[in-house]
Every structure is written in structure tokens, then in C-alpha cells.
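Subject: Structure handover

Hi,

Here is the structure you were expecting. My notes follow below it.

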Amino acid sequence: MAGAQATIDVMAERVCGVLSGAGRIQEQRMFGGIGFMLDGHMLCHVSRKGLMVRVGREREAKALAKPHASLCRQGKRAMPGFIQIAPPGVRTARELKTWLKLGRDYLATLEPRSSKQRRA
């Protein structure tokens, strides 16, 4: 488990580096990994499975056509608009930036949420 946590921490640091200056970023431990909120909306999540990115339903098909991408699942339930990228798909800085840009482009279509609007 220590190795998995180290892998998660390294990926989280990489995500932080890419998101630096992107807006109001909050890190939150969840689902056995670390989630990243941008202006109150979930952008991505880092876990031992790799990177999950919120791309929205409209961009889902385009994202699924990329290597190492699959529709994210919570147990048996599909999570429309969320893409899981296996670790080999985010090895390089360029790959990571591409995925996070796709997520940020989607979040740019949403209204920023205040801390009062967050779900309890």
C-alpha cells in the first residue's frame, strides 16, 4: 500500500504543477486517492488506477477514442462525463497537460461555485 500511496502522491504533485495558476484549486482526499476541485467543481482525481478527468458528456466520445481511456465506473455504475486514464496514458507531461486541458475546457462552460454551493 505504501508504494501505491507514493505513486498517487507523485501524480498529485504533477497535477498541481500543471494546474498552478489555473484558478481556485482545492485538493481533497476521496475514493482512496486525491481529488482536485477547480473553482468549486471536480476536475480530476488521482488514484492507483491512474487519472480520472471530468470531460462532460459532450466530449466523452472524443476522449474515449484516445489511448488508455475508458468510461469511469463507480462499482458497476457508469459515470457519464468522467473518463479514466490508465497510468500509461499520463506518463509524459504532454499527455497529462492534454487531459487536464480537456477537463478545464469542460469546466469553463460551468458557472463557478462558491463554498456555500458545495454539496454537504
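Trp99 touches Leu51, Val53, Ala63, Lys66, Ala69, Ile83, Ile85, Gly89 and Val90, leaving out residues up to four places away in sequence. Contact here means heavy atoms within 4.5 Å.

Before the rest, two points on the source. This is a predicted model: local features need pLDDT of at least 70, side-chain atom pairs count only at pLDDT 80 or more, and totals for chains, interfaces and linings use all residues. Residues are numbered from 1 along each chain as its sequence is written, and side-chain values use heavy atoms, with hydrogens and water left out.

**Cores**

Trp99 belongs to the largest nonpolar core, which has 26 residues. Val15, Phe36, Cys44, Leu51 and Trp99 touch the most other members. The elements giving two or more residues to this core are helix H1 (2-19), strand S2 (33-38), strand S3 (41-47), strand S4 (50-54), strand S6 (77-85) and helix H3 (93-107). H3 gives the most, with 6 residues. A second, separate core has 7 residues, including Met30, Met52, Met79 and Phe82.

- A nonpolar core is a set of buried Ala, Val, Leu, Ile, Met, Phe, Trp, Tyr and Cys residues joined through side-chain atoms within 4.5 Å.
- Buried means under 20% relative accessible area, exposed means over 50%, and partly exposed is in between (1.4 Å probe, protein chains only).
- Helices (H or I, at least four residues) and strands (E, at least two) are DSSP runs, numbered from the N terminus.

**Strand S2 and its partners**

S2 is mostly covered: 6 of its 6 residues are buried. Strand S1 (residues 25-30) runs antiparallel to S2, and 6 bridges join them. Two strands count as paired if DSSP finds at least two bridges between them. Met30 has Gly33 in S2 as its bridge partner. The S1 and S2 hairpin has 2 residues between the strands, and Phe31 takes a positive phi near 50° there.

On to S3. S2 and S3 pair in the antiparallel sense over 5 bridges. Met42 in S3 stands opposite Met37.

**Glu60**

Please look at this one. Glu60 sits in helix H2 (residues 60-64). Glu60 is buried yet has no salt bridge. The nearest side chain of opposite charge is Arg57, 5.9 Å away. For charge, Lys and Arg count as positive and Asp and Glu as negative; His and the chain ends are not counted. A salt bridge needs a side-chain nitrogen of Lys or Arg within 4 Å of a carboxyl oxygen of Asp or Glu.

What lies by the Glu60 side chain instead? A polar atom of that side chain is 2.5 Å from the backbone nitrogen of Gly81. Leaving aside neighbours within four places in sequence, Glu60 is in contact with Val55, Leu71, Pro80, Gly81 and Ile83.

**Salt bridges**

How many salt bridges does a search of the whole structure find? It finds 2.

One joins Asp9 to Arg29, with the closest N and O atoms 3.9 Å apart. Asp9 lies in helix H1 and Arg29 in strand S1, so this pair ties together parts that are 20 residues apart in sequence. Asp9 is partly exposed at 29% relative accessibility. Arg29 is exposed, at 58% relative accessible area.

Lys101 and Asp105 also meet in a salt bridge, at 2.9 Å, N to O. Both lie in helix H3, 4 residues apart, about one turn of the helix. Asp105 is partly exposed, with a relative accessible area of 32%.

**Loop between H2 and S5**

Lys66 is in this loop. Its relative accessibility is 28%, so Lys66 counts as partly exposed. Lys66 touches Thr98 and Trp99, not counting residues up to four places away in sequence.

His68 is in the loop between H2 and strand S5 (69-74). His68 is partly exposed, at 43% relative accessible area. Setting aside residues up to four places away in sequence, His68 touches Gln84, Ile85, Ala86, Pro88 and Gly89.

Best wishes

Key:
Polar contact = N/O pair within 3.5 Å; in protein donor to acceptor, adjacent residues only side chain to side chain.
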